[in-house]
Amino acid sequence: VQLQASGGGLVQPGGSLRLSCAASGSIFNLNAMGWSRQAPGKERDLVAAINPTGERNYGDSVKGRFTIFRDGAKNTVYLQMNSLKPEDTAVYYCYAMITATLYWGQGTLVTVSS
């Protein structure tokens, strides 16, 4: 199983980005998918998660600004990030729970700066 994340980059404060993460390989029983992030010098924390029924959870710092959604047919999860702030700067990692195993993508850097 591989997770391929894309969509990171440099954006100005107040701007938007959309991240995507596609799972490939022997995928059976794909459960929750989501995103975490790690800023320099900080621990990794939850950004957003979505389960197969569409239930979503968000970290407090991104509620109202970020939206997670998934395309089940493509085994892909997306993170729409709006109203970005400099404190959103981090490496964003996607993850997928497949059966009882947690898989991580390689990370994509998001930099919010003017």
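1. Ser 20 has Tyr 78 in S8 as its bridge partner, in a predicted model where strands are DSSP E runs of at least two residues and helices are H or I runs of at least four, both numbered from the N terminus. The two strands concerned, S3 and S8, run antiparallel and are joined by 6 bridges; strands are said to pair if DSSP finds at least two bridges between them.

2. On the basis of the model: it is predicted, so that local features are reported only at pLDDT of at least 70 and side-chain atom pairs only at pLDDT 80 or more, whereas totals for chains, interfaces and linings use all residues. Residues are numbered from 1 along each chain as its sequence is written, and side-chain values use heavy atoms, with hydrogens and water left out.

3. The pairing of S3 with S8 belongs to an open sheet of 4 strands, ordered S1-S3-S8-S7 with antiparallel pairing. S1 and S7 are the edge strands, each pairing on one side only. Neighbouring strands in this sheet are turned by 15° against each other on average, direction ignored, where the axes are lines fitted to C-alpha atoms and angles run from 0 to 180 degrees between N-to-C directions.

4. As to the chain as a whole, it contains 11 strands and 0 helices, and its pattern along the sequence is accordingly written β-β-β-β-β-β-β-β-β-β-β. Its radius of gyration is 13 Å, close to the 13 Å that the globule rule gives for 114 residues, so the chain is as compact as a globular protein of that length; the radius is taken over C-alpha atoms, and the rule is 2.2 Å times the number of residues to the power 0.38. Along the principal axes, the C-alpha atoms fill a box of roughly 45 × 25 × 25 Å.

5. The chain exposes about 6000 Å², of which carbon and sulfur atoms supply 49%, with areas from the Shrake-Rupley method and a 1.4 Å probe. Of the contacts (heavy atoms within 4.5 Å) between residues at least 6 apart in sequence, 54% join residues at least 24 apart.

6. Val 47, leaving aside neighbours within four places in sequence, is in contact with several residues, including Trp 35, Phe 66, Leu 79 and Tyr 92.

7. Of its 9 residues, 7 are buried, so S9 is largely enclosed by the rest of the structure. S4 is joined to S9 by 7 bridges in the antiparallel sense, and Arg 37 stands opposite Tyr 92 in S9. S9 also pairs antiparallel with S11 over 3 bridges, where Ala 90 has Val 110 in S11 as its bridge partner, and with S10 over 4 bridges, again antiparallel, where Ala 96 has Tyr 103 in S10 as its partner.

8. Most residues other than glycine have a negative phi. Thr 99, in the loop between S9 and S10 (101-104), takes a positive phi near 55° within a hairpin that has 2 residues between the strands, and at 48% relative accessibility Thr 99 counts as partly exposed. Ser 83, placed in the loop between S8 and S9, likewise has a positive phi, near 50°, and is partly exposed, with a relative accessible area of 40%.

9. Finally, Ala 49 is found in S5 and is buried, with a relative accessible area of 12%. Beyond its neighbours within four places in sequence, Ala 49 is in contact with Met 33, Gly 34, Glu 55, Arg 56, Asn 57, Ile 68 and Tyr 95. The C-alpha atoms of Ala 49 and Thr 108, which are 59 residues apart along the chain, are separated by 17 Å.

Definitions and conventions:
Buried means under 20% relative accessible area, exposed over 50%, partly exposed in between (1.4 Å probe, protein chains only).
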